[in-house]
Amino acid sequence: MYMSKKKKEVSDKLVVVLLAVAVIVSVLGAYVVYDYSHSYGIESEPIVEDYATGSVVLSVVENPDFREVSVDEDI
Amino acid sequence: MKISNNSIIVLLFVAIVASISGTFFAMSFLNEVITGAATTTGNVTLTIPSAADCSATDALIAFGTLAQGASNQSEPSLDFIVINNTGNVNLKITAAATVELFSTQSAPSDFWQIHCNNSLSGTCNTTYHQVHNTGSVIVTSLDYSDVIDNVTIGINVTVPAPEPAGEKNGEITFTCLEG
């Protein structure tokens, strides 16, 4: 007589527990990597040159001493 | 198609193993990129990159109204441009005209001169000299430590006789290099 061997099925409860574990492990792993990468400054290139700007403003008015004398005025 | 719980369990194990492996892989990769992680003995070594950095804390000198041929300079009115070393290395600062002040006289000319009025550290070039297009040295070895990291820069102007009346605005760019 042929006897088929019945496969034992895992309960739904265990699946849910394992699913929760998977999610926690995944989130925890992501947090550990994030925290580690932000704990120390990643080496950056040195700044070799920088610039600053300054301005000079003034208002020029005519000086009568420098007024050009036209030929017509002399006549 | 119905997936059995056994299959789901296998897939979940694979997911957990992949997640843990991914975390370790990322950590080992960051170990190569990051310098300065603490050792087991608690020592921390950090590499701080050098930064030649500066900013103008007072960027404007206003001479008010001047007649053609008249002169003025920063000293009587105590109106200076102030540059601060905001980096972490000593600075050599040069100045160059980037916008002409007068329309009738292009830099360099005696009508627009510059000098280092005072620096809290380093070597201050106190001699009034022409503002160049290519740059002239204002100060060397300006320290980066707070309290001694400022330089005040004075300007001396003479309005050219043929300069048309109106508002004049000249611009000077200060280049800050390590030195």
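Which residue stands opposite B:Leu91 in β11(B)? That is a handy way into this model, and the pairing is picked up in point 3.

1. **What we are looking at.** This is a predicted model, so a word on confidence comes first. Chain A averages a pLDDT of 78, and 72% of its residues score at least 70. Where pLDDT is low, the predicted coordinates should not be read in detail.

2. Chain A has two helices and one strand, running α-β-α from the N terminus. Of its 75 residues, 8% count as buried. Chain B has two helices and 11 strands, in the pattern α-β-β-β-α-β-β-β-β-β-β-β-β along the sequence. Of the 179 residues of chain B, 30% count as buried. Looking at contacts in chain B with a separation of 6 or more, 69% come from residues 24 or more positions apart.

3. Six strands make an open sheet with mixed pairing, in the order β2(B)-β1(A)-β11(B)-β5(B)-β9(B)-β7(B). The edges are β2 and β7 (123-124) of chain B; each has a single partner strand, so one side of each is left without a neighbour in the sheet. Back to the opening question: B:Leu91 stands opposite B:Glu178 in β11(B). The strands concerned, β5(B) and β11(B), pair antiparallel over eight bridges.

4. **How β1(A) sits in that sheet.** On one side, strand β1 (residues 49-61) of chain A runs parallel to β2(B), joined by six bridges. A:Ser55 has B:Leu60 as its bridge partner there. β1(A) also runs antiparallel to β11(B), with 12 bridges joining them. In β11(B), A:Tyr51 stands opposite B:Thr175, and A:Ala52 has B:Phe174 as its bridge partner.

5. **The contact between the chains.** Chain B puts 64 residues into the contact and chain A puts in 39. On the chain B side, the elements giving two or more residues are α1 (5-33), β1 (54-58), β2 (60-67), β4 (81-85), β10 (150-158) and β11 (166-178). The top contributor is α1(B), with 15 residues. By type, the chain B side splits into 37 nonpolar, 21 polar and six charged residues.

6. **β10(B) and its partners.** This strand is mostly covered, with eight of its nine residues buried. β10(B) pairs antiparallel with strand β3 (residues 71-73) of chain B over three bridges, where B:Gln73 stands opposite B:Asn156. β4(B) also pairs with β10(B) in the antiparallel sense, over four bridges, and B:Ile83 has B:Val151 as its bridge partner. Then there is β6(B), antiparallel to β10(B) and joined by seven bridges; here B:Trp112 stands opposite B:Val157.

7. **The core.** In soluble globular proteins, nonpolar side chains tend to be buried together. The largest nonpolar core here has 37 residues. Those with the most contacts inside it are B:Ile83, B:Ile93, B:Val151, B:Ile153, B:Val157 and B:Phe174. Chain A takes part too: β1 of chain A gives two or more residues, as do β2, β4, β5 (91-99), β6 (112-119), β9 (136-142), β10 and β11 of chain B. Beyond its neighbours within four places in sequence, B:Val151 is in contact with B:Ile83, B:Ile93, B:Cys116, B:Ser119, B:Cys124, B:Ile138, B:Val139 and B:Leu142.

8. **One residue to look at: B:Asn118.** Why does B:Asn118 count as partly exposed? Its place is in strand β6 of chain B. B:Asn118 has 14 other C-beta atoms within 10 Å; a residue needs 20 or more to be buried and 12 or fewer to be exposed, so this one falls in between. Leaving aside its neighbours within four places in sequence, B:Asn118 is in contact with B:Cys124 and B:Thr152. B:Thr152 is 34 residues away from B:Asn118 in sequence, yet the two are 5.3 Å apart in space, C-alpha to C-alpha.

How values were computed. Residues numbered from 1 in each chain as written. Chains lettered and ligands numbered in written order. Predicted model: local features only at pLDDT ≥ 70, side-chain atom pairs only at ≥ 80, totals over all residues. Contact = placed C-beta atoms within 7 Å. Nonpolar A, V, L, I, M, F, W, Y, C, P; charged D, E, K, R; others polar. Pairing = 2+ DSSP bridges. Core = buried A, V, L, I, M, F, W, Y, C linked by C-beta atoms within 7 Å. pLDDT = per-residue confidence, 0-100.
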